[in-house]
Amino acid sequence: MALLNVEDLTVVFGGKDRADVRAVDGVSFEVRAGEVIGLVGESGCGKSVTSLALMGLLPPKGNKVTGKAIFDDGVNLLSTDQRTLRDMRGREIAMIFQDPLSSLNPVVPIGVQVTEVLARHRGMTGERARKEAEALLDRVGIPDPRRRLKEYPHQLSGGMRQRALIAMAVACRPRLLIADEPTTALDVTIQAQILELLKELVHQDGTAMIMITHDLGVVAGLCDWINVLYAGRVVETASRHSLFAQPTHPYTHGLLASIPRLDSVRGDRLNPIPGSVRDLLPWVEGCAFAPRCERVLESCVEGPPALVGGAHAYRCVNPFGADS
Amino acid sequence: MTQLARKKIAKLERLAELAAVHANEGGESLWREAFRRLRHNPAAIVGAVILGIFVLVGFVGPFLVPFSPTQTGLGFVSEAQNIIPGPSAQHWFGLDHQARDEFSRMVVGARQTLLVGVVATAFGLFFGCLIGGLAGAAYGLGGKRGRSLDNVLMRFIDMLLAMPGLLLAVSIVALLGPSLTTVMIAVGFVSIPTFARLLRGSMIAQANAEYVVAATSLGVGRRKIALSHILPNSVAPVLVQATLTLATAIIEAAGLSFLGLGNPDPATAEWGAMLTDALARFEFAPRLAFYPAVGIIITALGFTLLGEAMREALDPKLRK
Ligand SMILES: Nc1ncnc2c1ncn2[C@@H]1O[C@H](COP(=O)(O)OP(=O)(O)OP(=O)(O)O)[C@@H](O)[C@H]1O
Ligand SMILES: [Mg+2]
């Protein structure tokens with residue numbers, strides 16, 4: 001039984017004087033209770049829009065969301081009313097954002113921001129809430145939590161701010177945590193610590209997590225299942241083991257090849273994928289990745305490729321491994 | 001809408017942008033940094049010194065003045081012979097046309113001016129922020145119903161904004177009858193649309209800030225978000241505007257008194273009314289017009305200098 005079942009999620013941005021942008025284009029995946037899945041892709045492929053759509057946090061105007069996202073075999077997150085969503089947010093589903101500094105209110109002390117969540121969902125006030133907030137900060141590894149509660153966001157380091165936000169997100173032990181590039185804004189050394197913390201927390205609480213990142217290195221040590229996104233569609237979906245053992249879609253392959261390796265010969269150039277996400281084809285005309293693909297065939301641009309291949313599925317007519 | 005109103009709105013919208021930037025800067029440090037830059041700005045210091053003296057004179061001056069400001073017959077005055085005694089050791093600014101001590105009247109007038117400026121600005125600030133805050137919160141967070149509430153409130157504000165300030169103030173005094181309270185209400189009323197537009201603008205700019213989305217993602221209620229997240233981040237440009245409004249309020253209040261719409265009692269020491277009295281004797285005693293005029297100009301200048309310096313200190317584009 002899946003905790004979250006996303007089916008054919010599509011988000012189209014459009015307005016009177018703008019051309020429509022299909023930011024997310026028929027994405028389906030499921031998250032089982034306690035499982036960690038990854039959504040991986042380059043900047044602009046629709047990762048954040050996917051997570052905001054699931055949380056019901058997209059701006060009220062200028063976009064159209066279709067598809068289904070059934071949470072816990074009950075509520076469809078995409079069609080339920082804001083009132084229900086407000087009750088679920090923070091308690092059932094919580095989210096961690098990319099930039100911890102701008103995600104905290106600059107003029108309100110950390111403690112107030114943490115206790116606010118406790119008051120909202122757990123009915124805690126006064127001294128009880130303060131104690132709990134202190135325990136929460138302690139749990140996410142913030143030293144001297146009593147003092148930190150009184151401080152303002154700018155007085156904390158980047159890593160500590162993200163820890164504080166994580167504390168708020170896990171305050172009510174949600175069943176699903178969506179982490180949208182939680183480490184991108186941080187130093188490399190801090191990144192590893194934050195990932196370790198998240199891993200520990202979701203393990204302890206049995207929380208399911210959607211880890212959103214552009215970095216395959218991040219999902220490698222964390223996720224049970226990985227979805228690779230390109231231009232708003234899932235191009236490859238597989239278990240972590242299967243994906244890293246046999247990257248099948250040329251895009252996944254390219255992502256893996258572009259990670260610098262310790263055992264590569266010095267002086268070897270890195271292998272970035274040529275071009276950028278902007279050089280894409282609309283999916284209706286063919287594979288959006290075709291203009292950048294080294295294995296491109298004529299059949300790639302004759303129509304949208306379907307997702308094929310059972311448990312380890314991919315959206316490609318000339319995948320790696322096909323010719324051997 | 002008139003050209004004037006459109007220009008006013010554009011200016012307010014620019015000021016409101018301040019708040020949006022403010023959110024991404026780290027609040028306390030922003031205030032502290034702004035204050036540091038304020039201290040290094042000579043204009044701010046001059047403004048602050050002027051206002052310091054003005055406030056001091058307004059508060060304690062009336063207890064120390066050598067003569068009662070209403071006591072007449074302190075010397076020989078003959079308007080028929082064009083005799084009004086000028087400055088002397090006893091009467092530093094000389095006497096006025098009723099042989100009252102001009103210096104004492106100026107000092108007591110400072111208190112009156114301070115009172116009118118502060119009360120009028122507070123009046124405008126209160127109602128402006130009430131309307132603007134409501135509209136901003138409704139627009140930013142209230143969905144369709146919120147947007148129509150915002151629409152109604154803002155069309156009302158635009159109507160006020162379309163009228164020239166002094167004309168509006170004169171009409172209000174005409175409606176309520178001339179008195180000191182009326183002057184304060186009228187002058188304050190004129191500044192309502194400015195504050196309303198400004199607060200609404202900066203709140204709307206804040207409504208899309210990331211920390212608002214983050215708080216929403218934790219289930220925090222809309223009212224709570226509007227009051228304890230958006231509002232505290234939106235007040236910076238309003239504070240700047242309040243300082244600038246103090247200057248215009250003083251000028252406008254003096255203007256109303258000058259037009260004879262202020263306190264009907266001719267004995268009260270009031271800079272605007274003193275200016276009116278002086279006008280009739282301008283040919284043989286121009287100094288009687290000089291004192292109140294300079295008083296008004298200098299205090300208005302003090303508020304303007306400080307307000308503009310505050311605006312600069314808070315404006316990230318001017319930051320080095
Ligand atoms: N409010 C919006 N209006 C119009 N287009 C939008 C809006 N928000 C996002 N988009 C578009 O949707 C696409 C996907 O954006 P999204 O933010 O999901 O990318 P992302 O995968 O999260 O990238 P990043 O790694 O940079 O965070 C982009 O092309 C973007 O231009
Ligand atoms: Mg993103």
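Residues are numbered from 1 along each chain as its sequence is written, and chains are lettered from A, with ligands numbered from 1, in the order in which they are written. Because the model is predicted, local features need pLDDT of at least 70 and side-chain atom pairs count only at pLDDT 80 or more, while totals for chains, interfaces and linings use all residues; side-chain values use heavy atoms, with hydrogens and water left out.

Chain B contains twelve helices and zero strands, where helices (H or I, at least four residues) and strands (E, at least two) are DSSP runs numbered from the N terminus. The C-alpha trace of chain B spans about 80 × 45 × 35 Å along its principal axes. Within this chain, helix H4(B) packs against helix H7(B) (residues 180-207) at an angle of about 35°, and their axes lie 5 Å apart. Here axes are lines fitted to C-alpha atoms, for helices over the stretch in contact, and angles run from 0 to 180 degrees between N-to-C directions. The contact of H4(B) with H7(B) has 25 nonpolar, ten polar and one charged residues. In this classification Ala, Val, Leu, Ile, Met, Phe, Trp, Tyr, Cys and Pro are nonpolar, Asp, Glu, Lys and Arg are charged, and the others, Gly among them, are polar.

Next comes the meeting of the two chains. The size of an interface is often given as the accessible area lost when the parts come together. Between chain A and chain B the buried area (accessible area, 1.4 Å probe, that two parts lose on being put together, summed over both) is about 2,200 Å², and carbon and sulfur atoms give 61% of it. Arg86(A), Pro106(A) and Glu116(A) supply 25% of the area that chain A buries against chain B, more than any other three residues.

On a 1 Å grid over the protein atoms alone, a cavity is a set of points where a 1.4 Å probe fits but cannot get out, and a pocket is an open set with protein on both sides within 12 Å along at least five of seven lines; lining residues have an atom within 4 Å of a point. Grid points are joined across faces, edges and corners, and a volume is the space filled by probe spheres set on the points.

The largest pocket has a volume of about 1,200 Å³. Its lining comprises 40 residues, and the closest to its centre are Gly56(A), Leu57(A), Leu58(A), Pro59(A) and Pro60(A). Helix H8(B) gives the most to this lining, with four residues. By class, the lining of the largest pocket has 20 nonpolar, twelve polar and eight charged residues.

The largest cavity holds about 90 Å³ of space. Among the 14 residues lining the largest cavity, Gln113(A), Met168(A), Ala215(B), Leu218(B) and His229(B) are the closest to its centre. This lining has nine nonpolar, four polar and one charged residues. The second largest cavity holds about 70 Å³. Helix H11(B) gives the most to the lining of the second largest cavity, with three residues, and by class that lining has three nonpolar, one polar and five charged residues.
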